[in-house]
Amino acid sequence: SVSVPVLAAAVLLLLGCRGPGAAGQRRKEMVLSEKVNQLMEWASKRSVIRMNGDKFRRLVKAPPRNYSVIVMFTALQPHRQCVVCKQADEEYQILANSWRYSSAFTNKIFFAMVDFDEGSDVFQMLNMNSAPTFINFPAKGKPKRGDTYELQVRGFAAEQLARWVADRTDVHIRVIRPPNYAGPLMLGLLLAVIGGLVYLRGSNLDFLYNKTGWAFAALCFVLAMTSGQMWNHIRGPPYAHKNPHTGQVNYIHGSSQAQFVAETHIVLLFNGGVTLGMVLLHEAATSDMDVGKRKIMCIAGIGLVVLFFSWLLSVFRSKYHGYPYRYGLG
């Protein structure tokens, strides 16, 4: 049989072995609770929590953590001249506000921001040399490849960011944009102009039957759509991209899966040049003008088609690498 002193010693030894582990677990829970409470307090005041190096290391990098943090690394100070950063920040704020004021808001996910001028040490720690960049820091483990948002491919529209957040965290956010009255105002202005023209020229509405005017309006609409304006409206891409190392600005995206806003303007201009050249060729062939003017129109039309179509091919070849054909100056 086991004596009472020996049994008591065994019980004390068992409690001694379990004590430090239980105390450590309690400390971990206390630290986690403090971190969550701190983040919730900040999120109640501002949807996007601004972080410096110390806050980032303590609340995002260091365990324990049972929440995900979406962090935008950016450079918003005016002397950085990062236009894309400002545009992306506006969309990011819309996404964060949609989550903060949603009925489904919980402490499962937080939105944060690290500005280069406030946390350059974080950029160095993560070997990051471009902005803006979005990274999801999951509740468990380190960020994987998919936790870095593909900004150049998907654009920075709040809706696209929300889809990415749902893929990485299973948190579905319904983006709610603030009301934009620009569209209704422009429509009202257009109707007012049309109404004014009808009122002033009520006795002469021949201008409504002007084929040239309607053809020009239809052509402008077609050129705008074929250049990619609708894609810009849906995806919200940056206007251009500036290399932070060389300072070189790229107006043409190097991938066939994305584009810049400036790129659509360039393609619109090139398509318009080709169209103008074709119109001149048509007029040269069908016009009743003297032969000399028709020859000038023909030469000008051919020159416009060759020049602008060559530039179009150059843009196409820069996006579809390995495209073997060229034309004129292409």
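## Overview

The protein has 11 helices and 6 strands. Both are DSSP runs numbered from the N terminus, with at least four residues of H or I for a helix and at least two of E for a strand. This is a predicted model, in which local features need pLDDT of at least 70, side-chain atom pairs count only at pLDDT 80 or more, and totals for chains, interfaces and linings use all residues. Residues are numbered from 1 along each chain as its sequence is written, and side-chain values use heavy atoms, with hydrogens and water left out.

Of the 330 residues, 33% are buried. Buried means under 20% relative accessible area, exposed over 50%, and partly exposed in between, with a 1.4 Å probe and protein chains only.

## Nonpolar cores

In soluble globular proteins, nonpolar side chains tend to be buried together. A nonpolar core here is a set of buried Ala, Val, Leu, Ile, Met, Phe, Trp, Tyr and Cys residues joined through side-chain atoms within 4.5 Å. The largest one holds 52 residues, and Phe73, Leu95, Phe111 and Phe134 touch the most other members. Helix H3 (residues 83–100) gives the most to this core, 8 residues. Another core, of 6 residues, lies apart from it and includes Val267, Phe270, Val274 and Phe308.

Leu95 touches Phe111, Ala158, Leu161, Ala162, Val165, Ile173 and Val175, with residues up to four places away in sequence not counted.

## The cavity

The structure holds 1 cavity of 30 Å³ or more. A cavity is a set of points, on a 1 Å grid over the protein atoms alone, where a 1.4 Å probe fits but cannot get out; lining residues have an atom within 4 Å of a point. The volume of the largest cavity is about 40 Å³. Volume is the space filled by probe spheres set on the points, which are joined across faces, edges and corners.

Its lining consists of Ala43, Ser47, Trp99, Arg100, Phe105, Ile109, Phe110 and Phe111. H3 and strand S3 (109–115) each give two or more residues. S3 has the largest share, 3 residues.

## Thr264

Thr264 sits in helix H10 (residues 261–286). Thr264 is buried, at 0% relative accessible area. Beyond its neighbours within four places in sequence, Thr264 contacts Ser227, Gly228, Gln229, Asn232 and Gln259. A polar atom of the Thr264 side chain lies 2.6 Å from the backbone oxygen of Val261.

Methods:
Contact means heavy atoms within 4.5 Å. On a 1 Å grid over the protein atoms alone, a cavity is a set of points where a 1.4 Å probe fits but cannot get out, and a pocket is an open set with protein on both sides within 12 Å along at least five of seven lines; lining residues have an atom within 4 Å of a point. A polar contact is a pair of N or O atoms within 3.5 Å; within protein, one must be able to donate a hydrogen and the other to accept it, and residues adjacent in sequence count only if both atoms are side-chain atoms.
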